[in-house]
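Let's walk through this model together, stopping at a few helix pairs, a cavity and some backbone details. Keep the viewer open as we go.

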Amino acid sequence: MSLRDSDASTAPRPVRLADYRAPAWRVTAVELDFDLGIDATEVAARLTLARDPAQDLPLTLDGEALELLSIRLDGRDLGTGDYAFGADGLRVPAARDGSVLETRVRIRPAANTAFEGLYLSGSAASGFLLTQCEAEGFRRITYFTDRPDALARYTVTLRADRARFPVLLAGGNADGRGELADGRHWARFVDPHPKPSYLFALVAGRLESIERTLVTAAGRSVRLVLWAEPDAIARCRFALDALERALRWDEQAYGRVYDLDVFHVVATHDFNMGAMENTGLNIFNAKYLLTDPDSTTDEEYRAVEAVIGHEYFHNWSGNRVTCRDWFQLSLKEGFTVFREQQFSAALHSPGLKRIEDVTMLRRVQFPEDAGPLAHPVRPAQYREINNFYTATVYEKGAELIRMLAERLGAATFRRGCDLYFARHDGSAATLEDLLAALGEAAGTDLTPYLAWYAQAGTPRLSTRGEHDPANRRYVLRLAQRTPATPGQPHKAPLPLPVKLALFDREGRTLPLRLAGEAVAQGHERVLELRDAAAEFVFEDVPHAPVPSLLRGLSAPVTLEVDATPDDLALLLRHDADGYNRWEASQQLATRAFLAVHAAQAENPALAAWTRSLNELFAAPADDPALLAELLTPPGEIELGERVEPLHPDAVRAARCILERALASALGGTTLTQRYRELHAAESGAQDAAAQARRRLKRRLLELCCHADAGTGCALAAGQFEAARGMTDRLGALTCLLQFGAPQAASALDAFRLRHADNAIALDKWFAVQAQMPGEGALARVEALTADPAFTLRNPNRVHALIGSYARGNRSGFHRADGAGYRFLTARLLELDALNPQTAARLATAFNGWRRLEPVRREQARRALAALAEQAPLSRDLADILGRALAG
């Protein structure tokens, strides 16, 4: 018997992409037998082995926190001298090609607070067992070649006490079940498709289900089954409908058909991720599965639908075709995020969906690309792979796929995807494989686009236009540069698609004919900037045009345009595309903010912005949701990226001036009247039109508060009392807290009482308080950590309170005295002993510390350095701290 665990204090050697080698040993078939228990579970594994004849290396299997009970090779018990434990796992030198290795280990689910491998969700009395194996959690279940390119076919047998674990589930198709002695039972599952170990899953416990049977496009009958604890199963109806929508959309949009007999989805409140795409047995963080109008906002309904789609789409982009190594993570995640975005856009408004996606990119990924934690979409090396499940891999990765799809066109992109799936089905692929298939379908070489995957940082695209009236010619000069990032001081030019249109002064688009072309090529087209700079000459342009550049954000870059405020105002008023109008508004608001922040006497951008929005506000609103977005300036995070050094209080103050100026321009009386009209029409309906009206109503309530805090907060208090659903209730509560209303305390008490037994709604109660602006936020957050409902053991609750404070409350967290930093590092140290992944993700709140003004910068550095000196730290947290402090 031997107990082996990882030494968390030992810094692992970096894993390098350049060092990739195929597995020396593969498992062709794996049979797993679980004797399930909460305090202790025993796992018997039977592995059929195959050795690569080109690699003369002993069998080495990964394993962590496993108590080895027995080990047999080809039917022979092995003694302690027949195997060895090393830094890289369990070694069995006597193994040969075709050998069968049998092991039996004991693991401790209830003691597993890291939520990797097999663990307990909920209490020992009523909770259930489940697994999370991506990226390297399977090695906490049994000894195995725990890497994504080691694919095997799995047969899994589960045994457990029937009363305690009446439901037994594993990935694949059911292959039998029955009764055992002493009130126990068993169930067996077989997955017909080879898969990597990170896609293994099991669930066991007291759960209830709802289900639906449908017939796929291939004629296969498939059961869709959603599982939750008894008190939550009624809140799974929307998710079940969303799952069917996702399945049908993927059949139509990509020709991808589901391939197993059943698709299980299980909800848990204890999960490090959003959801996990295990083959045939998805496991979801409950906040992305459970819904009801009383506790779910409109935005959360859309998020649940999107995440359901994302995990379902992984069945092909991630499962049937997986990634060769973790450096290719964006091959499955970036690709699938793009597919998820397409799905949401198809079901709702494409323009609004694009606004939401770009807002997320700028709020999360652009700052990540500008800080010490910046890394390429495909990094050259890593020390802890858990720390690379980032906005860069997901959101920027999706933007790169979108960029390619737009360049190729919908039909060609679909042909390339079909070729990719057909060519690599059942195997582990690389980004090169995907680009090769897309390029082959298009008859072009897409290899230059691989540079986007290798280079960190957000490129900056600068533009300058010059009109020649005598020759009716317009010259557009484009230039790109990417700032230095850690480990990459010098940047190469990237192939950069720029979608553009030219407008005349009446707001009409012009036909586009480049020099050398016989006829115009439409009113919108894509130029490709391949070098550091280039110029493009347009003919037949009678007057100086207004360029609309990077339309739809055709590449994930920051645009530095030479347009005047009047030019941008013209685009805001006349562009037919909702996203591009919004982008013009964002650029105007950003310029206005910079002028306010710099205390400039003149602010033509502010005048143009408020004047244009007043005109739009006075006109009938064909799309209330779009109008709400047009009326919203960039957030503090996005605006803070435009100034250096960063003084969070000054950024907040300047943005508030923008808000008050807009409210004044629209008129307090007019705002109140429009708000009351929308509020009177509120029915609580969930259709798109009702959601759009609520979106505008919330924005108008915020502006009413900026126009006159007393009047606005009275409206908010009335809305809170009369709210028919969570969207109105939370929107009103947020305004009351943000503006320090006297009604806020009673509203908080009422919210807490109403949702005391709803964990997802209670997370909102914690989060909305953590985001109250100003230095006083810290005292409130500290007090809330002592609330009986708060626990460091639940990632959702931790992110709701501490994450909302550190990431979403810049003026509260970035205190000049450093108290916010010291509070966070103290909690990180506590959390790291329980759940290293959650601790490491929270620590990324320090990513932008070097951009802070000197006093706060030094306070942040001291807090980080003091935490880094603590021992032992997990690999996860130590890696984040090391990179944050490097250089």
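**Helix pairs, a cavity and some backbone details**

Start with helix α24 (residues 819–832) and helix α25 (residues 836–843), which pack at an angle of about 160° with their axes 8 Å apart. Since angles over 145 degrees count as roughly antiparallel, α24 is therefore roughly antiparallel to α25. The two helices cross in a left-handed way. Bear in mind throughout that this is a predicted model.

Which residues do the touching here? On the α24 side they are Leu824, Leu828, Leu831 and Asp832, and they meet Pro836, Thr838, Ala839, Leu842 and Ala843 of α25. Sort the residues of this contact by class and you get 7 nonpolar, 1 polar and 1 charged.

Now stay on α25 and look towards helix α27 (residues 875–885). The axes of α25 and α27 come within 7 Å and cross at roughly 15°. With an angle like that, α25 is roughly parallel to α27, because angles under 35 degrees count that way. The crossing of α25 with α27 is right-handed.

While you're at α27, check the loop between α26 (854–868) and α27, which is where Pro872 sits. The peptide bond from Ala871 to Pro872 is cis, and its omega is near -5°. Another cis peptide bond joins Glu644 and Pro645, this time with omega about 0°. Pro645 is found in the loop between α13 (636–640) and α14 (648–666).

You'll find Asp182 in the loop between β15 (173–179) and β16 (184–190).

Next, jump to another helix pair, α1 (residues 237–254) and α2 (residues 298–313). These helices pack at an angle of about 50°, and their axes are 9 Å apart. That angle makes α1 oblique to α2. As for handedness, α1 and α2 make a right-handed crossing.

The contact takes in Phe238, Ala239, Ala242, Leu243, Arg245, Ala246, Leu247, Trp249 and Asp250 from α1. Facing them in α2 are Tyr301, Val304, Glu305, Ile308, Gly309, Tyr312 and Phe313. In terms of class, the contact of α1 with α2 has 12 nonpolar, 1 polar and 3 charged residues.

How many cavities of 30 Å³ or more does the structure hold? The count is 1, and about 100 Å³ of space lies in the largest cavity.

To find the largest cavity in your viewer, select its lining: Pro547, Ser548, Leu549, Leu559, Val561, Ala563, Leu568, Leu571, Asn580, Glu583, Ala584 and Gln587. The biggest share comes from α10, with 4 residues. By class, the lining of the largest cavity has 8 nonpolar, 3 polar and 1 charged residues. Glu583 is one of the lining residues, and Glu counts as charged.

Key: Residues numbered from 1 in each chain as written. Predicted model: local features only at pLDDT ≥ 70, side-chain atom pairs only at ≥ 80, totals over all residues. Heavy atoms only, no water. Axes fitted to C-alpha atoms, helices over the stretch in contact; angles between N-to-C directions. Parallel < 35°, antiparallel > 145°, perpendicular 65-115°, else oblique. Left-handed = near helix turned anticlockwise from the far one by under 90°. Contact = heavy atoms within 4.5 Å. 1 Å grid on protein atoms, 1.4 Å probe; cavity = no way out; pocket = protein on both sides within 12 Å on 5 of 7 lines; lining within 4 Å. Points joined across faces, edges and corners; volume = space filled by probe spheres on them.
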